[in-house]
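Colleague: I am new to this structure and would like to learn how to read it. Please begin with the open spaces on its surface.

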Amino acid sequence: MQTLALGSYHIHIGPIGPSVSAFLKGRHFSQLFVLVDENTKAHCWPAFAPALSGYPSTLIEIPAGETHKNIATCQLIWEQLMKASAARDALLINLGGGVIGDMGGFAASTFKRGIPFIQVPTTLLSQVDASIGGKLGIDFMQVKNSIGLFSDPQAVLIDPAFLRTLSGREIRSGYAEILKHSLIADAGQWGRLNTLAQLDTAEWSEIIPQSLLVKQRIVAADPFEKGIRKALNFGHTIGHAVEGIALETDTPLLHGEAIAVGMICEAWLSHKKLGLPQETLHTITNYLLRVYGKPAIHKTDYTAYLQLMGNDKKNEGQAINFSLLPAAGQVEVNCTATQEQIIGALDYYRQLPSPAPS
Ligand SMILES: NC(=O)c1ccc[n+]([C@@H]2O[C@H](COP(=O)([O-])OP(=O)(O)OC[C@H]3O[C@@H](n4cnc5c(N)ncnc54)[C@H](O)[C@@H]3O)[C@@H](O)[C@H]2O)c1
């Protein structure tokens, strides 16, 4: 088992049974609750339940998916906790992807002014990104993560074995954040990853800890996103806008698929504004197209993209904020770009040839 420290808690990477035993040993909780959705109940709970043998627990099941990451679902969680008379020293175990982790953490942190919780992330995205860093919350009035708080779990227990039941599409989505971590802070890892042709042969138990080190270092330096934590937004300014517009269509994109589009566009901006070498821009573009194909973006949506970018909660004042790459493995935060430059980046992406199906 590998362990990383982050603030007041530890991130354990390895088989779930020993991680749970090590966590529970010497700690006392009056009750244990496990939050699942229908998919993690079917695929992850059977592997997780034996780790709790000897510790009676109550399952709380909520519907899966981003559309349920809202106050109504939180109410379901709070009702279950209340009906079971959960006290301040009860533990909520969030067994699932980023939706379960963000919402379960939020529900726990606000129930009776806060009960302890741990994250047991079961998607690649949540294992390398969402479960780390203490950002919790729900969507409100169609604005993602607009209600929430920073609050740390007691531990994060990561077992790559959970990924075996995850779809190839969800794996690719999480992989975008791994690529982002390497591009902003780990050129060596980027060099290895951009030769990885088939994700189903990837060694996740080696790739995940290396990727986590990047997020751990950045979050430890700036837990409340006042400065360097913005580095993690590479690809996300344009990516979030592309994700938002795609969500309103019949062909929504998963988060990582939209971020891949954003990373190509923002690599082009990095080339224009910070001198990211042409060759690196080509390597990034070609690899991302190979893994993600080329989701379409349309000129008719440019105004809506720009409007969404203008509303991003990470902006300061009027300027649209970007984190860009002067080179692979390096990042500069608080960059701005003009509307023409942003349109140039979207045009660069739109004019790329569609990759041949592999
Ligand atoms: N807090 C943060 O810092 C942070 C960072 C990035 C993303 N997020 C949030 O994370 C969420 C996205 O997370 P996600 O991509 O994990 O989505 P998700 O939680 O919706 O999970 C994706 C799907 O996979 C299913 N699933 C989960 N584990 C499975 C498994 N092992 N086998 C089979 N199916 C499984 C889920 O039921 C769901 O249907 C978004 O809400 C986003 O805002 C938060």
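Modeller: The largest share of the lining of the second largest pocket, 3 residues, is supplied by α7 (168-185). Helices (H or I, at least four residues) and strands (E, at least two) are DSSP runs, numbered from the N terminus. This is a predicted model, where local features need pLDDT of at least 70 and side-chain atom pairs pLDDT 80 or more, while totals for chains, interfaces and linings use all residues. Residues are numbered from 1 along each chain as its sequence is written, and side-chain values use heavy atoms, without hydrogens and water.

Colleague: What volume does the second largest pocket have, and which residues are closest to its centre?

Modeller: Rolling a probe the size of a water molecule over the atoms shows where empty space is left. On a 1 Å grid over the protein atoms alone, a cavity is a set of points where a 1.4 Å probe fits but cannot get out; a pocket is an open set with protein on both sides within 12 Å along at least five of seven lines, and lining residues have an atom within 4 Å of a point. A volume is the space filled by probe spheres set on points joined across faces, edges and corners. Here the second largest pocket has a volume of about 290 Å³. Its lining has 11 residues, and Arg172, Ala197, Gln198, Leu199 and Asp200 are the closest to its centre. Besides α7, α12 (278-292) supplies at least two lining residues.

Colleague: How many cavities are there?

Modeller: The whole structure holds 3 cavities of 30 Å³ or more. At least two lining residues come from each of β5 (91-96), α5, β6 (117-121) and α6.

Colleague: Which residues come nearest to the ligand?

Modeller: Of the 25 residues around the ligand, the nearest are Glu66, Lys69, Thr122, Thr123 and Thr165. The side chain of Thr122 has an N or O atom 2.8 Å from a nitrogen atom of the ligand. Lys144 places a polar side-chain atom 3.3 Å from a ligand oxygen atom. For Phe162, a polar backbone atom is 2.9 Å from a ligand nitrogen atom.

How values were computed:
A residue is near a molecule or strand if one of its heavy atoms lies within 4 Å of it. A polar contact is a pair of N or O atoms within 3.5 Å; within protein, one must be able to donate a hydrogen and the other to accept it, and residues adjacent in sequence count only if both atoms are side-chain atoms.
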